[in-house]
Amino acid sequence: MSDTLLATGEPKYTVTQRKYLNLLRSNMEALSIDPQFTSVLYSLHAEIEKCRIKIRPEKPVWKDVGLKEDLIRTLLSYHPLWLRLGLEVVFKCKVPVTHEMDSRTIHKFLTLNLFSSRNISAKFSHRKVPGLFTKGYDLAISKHIMFKFFSLVLFLDMAKQQKLINHDPCLFKASRTKSSREMLLYFSSNFLQGEGDITKHLNNFGYRVYYKQSFLDEFDYKVKNL
């Protein structure tokens, strides 16, 4: 059984749109199995499992509605097409969205899958009390959140660098977040324990991000008036 919960049914696309989306998915899938990406994920997973990267006890983002919303809102700084394709790689399923600029389905998908996991819930569910989890759940779900978050940021940085979307939109929308490094520093400063500049820690095992969006990247060069 898949560990991922879908937010809604697959939307209706034109034949051309479906072909293009499938092409993009194929490009993303190729990167997802590239040793340059998978080798870093292997080291990242080991680092998290050994608790060398930890979420602060007072920041249980999987329990706190306000913290959840803040993290989701920050992730929605990504361009929706980039974000959807990145999530499909990280969670290994299609993420249906009714419209490219519609963030509601992505928001629901993140709520269902970033902050919970079927497999973890099944492993730590209390036998007699529904909705109650046994000792070890908090640590397991915190590791799940960290691994998915860091995997997503790295993958999107690499995908953007390789321009895997043909028309190459900006990685970020018009928001305060303009670089992959800023995304990592946001997560570190708000949720992680004992981390200053998390990028220095990540660099130790080959996790590096490079993308930084400038004003010129966002400028609309189309002629609107003659």
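The following legends describe close-up views of a predicted model of one protein chain.

The model is predicted, so local features need pLDDT of at least 70 and side-chain atom pairs count only at pLDDT 80 or more, while totals for chains, interfaces and linings use all residues. Residues are numbered from 1 along each chain as its sequence is written, and side-chain values use heavy atoms, with hydrogens and water left out.

**View 1. The protein chain as a whole.** The secondary structure comes to ten helices and zero strands; helices (H or I, at least four residues) and strands (E, at least two) are DSSP runs, numbered from the N terminus. Read from the N terminus on, the elements run α-α-α-α-α-α-α-α-α-α. Of the 226 residues of the chain, 47% count as buried; buried means under 20% relative accessible area, exposed means over 50%, and partly exposed lies in between, with a 1.4 Å probe and protein chains only. The chain exposes about 12,700 Å², of which carbon and sulfur atoms supply 55%; accessible areas come from the Shrake-Rupley method with a 1.4 Å probe, and for residues only the protein chains shown count as cover. Among contacts (heavy atoms within 4.5 Å) between residues at least 6 apart in sequence, 74% join residues at least 24 apart.

**View 2. The crossing of helices α4 and α5.** The axes of α4 (residues 80–91) and α5 (residues 104–113) come within 11 Å and cross at roughly 25°. This angle makes α4 roughly parallel to α5. Axes are lines fitted to C-alpha atoms, for helices over the stretch in contact, and angles run from 0 to 180 degrees between N-to-C directions; those under 35 degrees count as roughly parallel, over 145 as roughly antiparallel, 65 to 115 as roughly perpendicular and the rest as oblique. The crossing in which α4 passes α5 is left-handed, a term used if the near helix is turned anticlockwise from the far one by less than a right angle, whereas clockwise gives right-handed. Helix α4 contributes Pro80, Leu83, Arg84, Leu87 and Phe91 to the contact, and α5 contributes Ile106, Phe109, Leu110 and Asn113. By class, this contact has seven nonpolar, one polar and one charged residues; Ala, Val, Leu, Ile, Met, Phe, Trp, Tyr, Cys and Pro count as nonpolar, Asp, Glu, Lys and Arg as charged, and the others, Gly among them, as polar.

**View 3. Phe109 in helix α5.** Phe109 has its place in helix α5. The residue is buried because its relative accessible area is 0%. Phe109 and Val95 are 14 residues apart in sequence, and their C-alpha atoms are 7.4 Å apart in space.

**View 4. The loop between α7 and α8.** Gln162 is found in the loop between α7 (137–161) and α8 (180–191). With 41% relative accessibility, Gln162 counts as partly exposed. Its C-alpha atom is separated by 9.3 Å from that of Leu31, 131 residues away along the chain. Lys163 lies in this loop and has a positive phi of about 50° although it is not a glycine. A relative accessible area of 54% makes Lys163 exposed. Asp168 also lies in the loop, and it too has a positive phi of about 50° without being a glycine. Asp168 counts as partly exposed, at 24% relative accessibility.

**View 5. Glu47 and its surroundings.** Glu47 is found in helix α2 (residues 35–49). This residue is buried, with a relative accessible area of 12%. Not counting residues up to four places away in sequence, Glu47 touches Arg52, Ile53, His201 and Phe205.
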